Amino acid sequence: MPGSGWLGRLALGCLVTLAASVPARAQDKAVPPLVFTGIPDQDESRLVARFGKVAAYLEARLGVPVRYIPVKSYPAAVTAFTNGQVQLAWFGGFTGVQARKAVPGSQAIAQGAEDAAFKTYLIANDASGLKPGRDFPKDIAGKTFTFGARASTSGRLMPEYFIRQAFPGRSPDQVFPRVGFSGDHTRTIQLVQSGAFAVGAVDYSVWDLETKAGKVDRHAVTVIWESPAFPDYQWTVRGEVEQTYGAGFTDKLRNALTGITDPAILEPFGRSKFVPVTNAAYAPLLEVGRSTGLLD
């Protein structure tokens, strides 16, 4: 039959192409997405924009699907990591300690260059009459005070530690007539700026970002004290990623994170770059957590 040879070759070619594509598609389906989250330390819309860029970057570098899921609280981030809902998380120092304690084999793999020597700012509403100084401001006693999230390193753990050092034998509830927990650093700034609380503890990098964004009224709220340095935020990954994505994946992920140079990704974090880190860097927070009774 005229043309039958051409039709036969076309059909055979289509079958070969189809057969070749099936294993590739099956292989794609066999690779689950790397799912990650981050503690909600700022406004949620800003977090989605920040982490969306990270997801796109990691997917291109790692060659596996990458997906970001938001969480509503610091404990929710730890829970998502603990139960395996996410394999990677951007934690604060203390939440990272909690997560790694709950998941043996998990590792801190990268931190911001600024996170090795992080700081808390104590900020005060100008109507409080409190003034900036180098020494811990003991005249905050008797003022209303707000922490950030209950599990925040720079917004709760370290400020409480410094308060207990300044007022031996007294808890924050015994130092201040009213103690609040704002939930995140952005909200802490808003509460102190509005006068809802006289004093608050805030992540210095969020303060700097909010100031640059024009969201801080410097006539209403002022930094009155800068804390000594402590380790803080980091990327932590579960150990089983090696079985899921292949041997050496943890190193590949670390290299991808520390290889970020795009200011569009780094600036929303308030970081100049990410650098390698290990669990050992956060040993001081274990001791502080135990001394304040915040870590079992």
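Start with Tyr245: setting aside its neighbours within four places in sequence, Tyr245 is in contact with Val31, Pro32, Pro33, Leu34, Val64 and Gln87. Contact here means heavy atoms within 4.5 Å. Tyr245 lies in helix H9, residues 241-245. Helices (H or I, at least four residues) and strands (E, at least two) are DSSP runs, numbered from the N terminus. With a relative accessible area of 16%, Tyr245 is buried. The cut-offs are under 20% relative accessible area for buried, over 50% for exposed, and partly exposed in between, with a 1.4 Å probe and protein chains only.

Before going on, a word on the source. This is a predicted model, in which local features need pLDDT of at least 70 and side-chain atom pairs count only at pLDDT 80 or more, while totals for chains, interfaces and linings use all residues. Residues are numbered from 1 along each chain as its sequence is written, and side-chain values use heavy atoms, with hydrogens and water left out.

Now the chain as a whole. Its secondary structure comes to 12 helices and 11 strands. The radius of gyration is 24 Å, well over the 19 Å that the globule rule gives for 296 residues, so the chain is more spread out than a compact globule. That radius is taken over C-alpha atoms, and the rule is 2.2 Å times the number of residues to the power 0.38. Along the principal axes, the C-alpha atoms fill a box of roughly 100 × 40 × 30 Å. Of the 296 residues, 49% are buried. Among contacts with a separation of 6 or more, 79% are between residues 24 or more positions apart. The accessible surface is about 13,500 Å², and 55% of that belongs to carbon and sulfur atoms. Areas come from the Shrake-Rupley method with a 1.4 Å probe; for residues, only the protein chains shown count as cover.

His185 lies in helix H7, residues 185-194. His185 counts as buried at 0% relative accessibility. What does His185 touch, not counting residues up to four places away in sequence? Its contacts are Asp41, Tyr74, Ser152, Ser154, Gly155, Ala201, Val202, Asp203, Val206 and Tyr233.

Phe94 is in helix H4, residues 93-102, and at 2% relative accessibility Phe94 counts as buried. Residues up to four places away aside, Phe94 touches Ala151, Thr153, Leu157, Leu285, Gly289, Leu294 and Leu295.

For contrast in setting, take a loop. Gly259 is found in the loop between H10 and helix H11, residues 263-266. Gly259 is partly exposed, with a relative accessible area of 31%. Not counting residues up to four places away in sequence, Gly259 touches Tyr57 and Arg61. Gly259 and Phe274 are 15 residues apart in sequence and 7.6 Å apart in space, C-alpha to C-alpha.

Last topic: charges. Side chains of opposite charge can pair when their charged atoms come close. How many salt bridges does a search of the whole structure find? The search finds seven, a salt bridge being a side-chain nitrogen of Lys or Arg within 4 Å of a carboxyl oxygen of Asp or Glu.

One of them joins Glu226 and Lys119, with the closest N and O atoms 3.6 Å apart. That pair links distant parts of the chain: Glu226 is in strand E9 (residues 221-226), and Lys119 is in the loop between strand E4 (107-112) and strand E5 (120-125), 107 residues apart. Glu226 is partly exposed at 43% relative accessibility, and Lys119 is partly exposed at 21%.

Glu160 pairs with Arg156, the closest N and O atoms being 2.8 Å apart. Both lie in helix H5 (residues 153-166), four residues apart, about one turn of the helix. Glu160 and Arg156 are both buried. A network of salt bridges links Arg156, Glu160 and Arg164.

Arg254 forms a salt bridge with Asp251, at 2.6 Å between the closest N and O atoms. They are three residues apart in helix H10 (residues 249-258), so about one helical turn separates Arg254 and Asp251. Arg254 counts as buried at 15% relative accessibility, whereas Asp251 is partly exposed at 44%.
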